[in-house]
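Work through the exercises below with the sequence and the model side by side. Each task is followed by its solution in steps.

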Amino acid sequence: MTLMRRLFSIAAWFFLALAPLLSSVGMAADGTLRYHSEPEITGWLKSLPLRNPSLVQYRSIGTSNQGRDLGLVTLTTGPVQLGTPKPAIIINATHHGDEKIATESALHFIETLIVDQDKPEVTAMLSRFVFYVQPLVNPDGHAGGTRADAAHRDINRDYSYPLRSDRLSFKTREARAVRDLIDSLDVGAAIALHSGTDGVLWPWCFTKEAPPDAPFLERLAWRTARSIGTVARQSHHDYPSSGEFSDFVYWRQQAPALTIEVDRRRQPHPSQINTISARTTRGIFEFMNEFMKAGDAPVTLSKENNLRRAI
Ligand SMILES: [Zn+2]
């Protein structure tokens, strides 16, 4: 055996020995009490389909400014019929790279869907929807510990919204990758995980005007908020901003889209990762329970009527 082959065989053994440890108890609960690095997270996401081939798929939806994978996992059960796709539920985290408890929460959510796939609550969600989970929208920011991307831009101000066209938006590769994903799907609902303040936020961010679906969005947001022990409000009343993911999805897909601030600290002490991540997962489940009560086409917004209202 050559030295290279011997090294390869040792590396393969190490991977196979380590992988079950990571997969059986999850990234967010593997006992290390620390935040996971971007390479660890991407490696773990890529490993999931190997052990759960009927439930999980991995794909890269592009590369970041610095060439890192924009990793996405999809989770669903049963065949997805051609022509009758299941609605997509989008969960993403870390538009802001230093909000690492949001990333860990997304990992915990993935792990929970896998581990609890036979529990009735989870089985019902997996059979009805396809979950698209992107834990690292901004892997460069996560790797560098910065809010912005590698070119100092805020990805969560880069989306189009009723007062700004696509042409004047999407300067970042990362937001373009998310846009292309959203445009390729029938989105049922979306949640962006952030951290650094309190609250569950519903659109709009760009105007203080209430959205046409305010009662529905409020109900979703408040149920989610109560389950994680926080409050809900329209995003504009948190602080006004424009170009956020949640406004984009609500407008583009006429789908409810919330921001969940999972903790008021961006990176709480590692000993609290599991508690906060589990609480966030509970909040997403509560959101889904409320969303599933709403039936088909719960949103009344149309792109045209909203443009008239907003301009
Ligand atoms: Zn944020």
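Two residues are in contact if their C-beta atoms, placed from the backbone, lie within 7 Å. The model is a predicted one.

**Exercise 1. The chain as a whole**

Task: State how many helices and strands the chain has, what share of its residues is buried, and what share of contacts joins residues 24 or more positions apart.

Solution. 
Step 1. The chain has 11 helices and eight strands.
Step 2. Of its 311 residues, 44% are buried.
Step 3. Take the contacts with a separation of 6 or more: 77% of them are between residues 24 or more positions apart.

**Exercise 2. Strand 4 and its partners**

Task: Decide whether strand 4 runs parallel or antiparallel to strand 2 and to strand 3, then describe how its residues are covered.

Solution. 
Step 1. Strand 2 (residues 69–75) and strand 4 are antiparallel and share three bridges. In this pair, valine 73 is opposite valine 133 of strand 4.
Step 2. Strand 3 (residues 88–93) is parallel to strand 4, with five bridges between them. Here isoleucine 90 is opposite tyrosine 132 of strand 4.
Step 3. In a regular strand, side chains alternate between the two faces of the sheet.
Step 4. One side of strand 4 carries Val130, Tyr132 and Gln134, the other Phe131 and Val133, and all are buried.
Step 5. Since five of the five residues of strand 4 (residues 130–134) are buried, the rest of the structure largely encloses this strand.

**Exercise 3. From strand 3 to strand 5**

Task: Find how many bridges join strand 3 to strand 5, and in which sense the two strands run.

Solution. 
Step 1. Six bridges link strand 3 with strand 5 (residues 187–194), and the two run parallel.
Step 2. Across this pair, isoleucine 89 faces alanine 189 of strand 5.

**Exercise 4. Strand 6 and the crossover**

Task: Name the residues that stand opposite valine 200 in strand 8 and in strand 7, then follow the chain from strand 6 to strand 7.

Solution. 
Step 1. Strand 6 (residues 199–202) and strand 8 (residues 257–261) are antiparallel, joined by three bridges. Valine 200 has isoleucine 260 of strand 8 opposite.
Step 2. Strand 6 also pairs with strand 7, in the parallel sense and over three bridges. There valine 200 has alanine 232 of strand 7 opposite.
Step 3. Between strand 6 and strand 7 the chain passes through helix 7 (residues 214–227), in a right-handed β-α-β crossover.

**Exercise 5. Helix 3 against helix 10**

Task: Describe the packing of helix 3 and helix 10 by angle, axis separation and handedness, then list the residues that meet.

Solution. 
Step 1. Helix 3 (residues 100–115) packs on helix 10 (residues 273–293) at an angle of about 65 degrees, and the axes are 8 Å apart.
Step 2. Their crossing is right-handed.
Step 3. Helix 3 brings Ile101, Glu104, Ser105, His108, Phe109 and Thr112 to the contact, while helix 10 brings Ile273, Ile276, Ser277, Ala278, Thr280, Thr281 and Ile284.
Step 4. Sorted by class, these are six nonpolar, six polar and one charged residues.

**Exercise 6. Leucine 45**

Task: Determine whether leucine 45 is buried or exposed, and name its contacts beyond its sequence neighbours.

Solution. 
Step 1. Leucine 45 lies in helix 2 (residues 38–51).
Step 2. A residue is buried if 20 or more other C-beta atoms lie within 10 Å of its own. Leucine 45 has 24 within 10 Å, so it is buried.
Step 3. With neighbours within four places in sequence left aside, leucine 45 is in contact with Tyr58, Gly71 and Val73.
Step 4. Leucine 107 is 62 residues away along the chain, and its C-alpha atom is 8.8 Å from that of leucine 45.

Technical notes:
Residues are numbered from 1 along each chain as its sequence is written. This is a predicted model: local features need pLDDT of at least 70, side-chain atom pairs count only at pLDDT 80 or more; totals for chains, interfaces and linings use all residues. Axes are lines fitted to C-alpha atoms, for helices over the stretch in contact, and angles run from 0 to 180 degrees between N-to-C directions. Helices (H or I, at least four residues) and strands (E, at least two) are DSSP runs, numbered from the N terminus. A crossing is left-handed if the near helix is turned anticlockwise from the far one by less than a right angle, and right-handed if clockwise. Ala, Val, Leu, Ile, Met, Phe, Trp, Tyr, Cys and Pro count as nonpolar, Asp, Glu, Lys and Arg as charged, and the others, Gly among them, as polar. A residue is buried if 20 or more other C-beta atoms lie within 10 Å of its own, exposed if 12 or fewer, and partly exposed in between; C-beta atoms are placed from the backbone. Two strands pair if DSSP finds at least two bridges between them. A crossover is right-handed if, with the strands pointing away from the viewer, the path from the first strand over the helix to the second runs clockwise.
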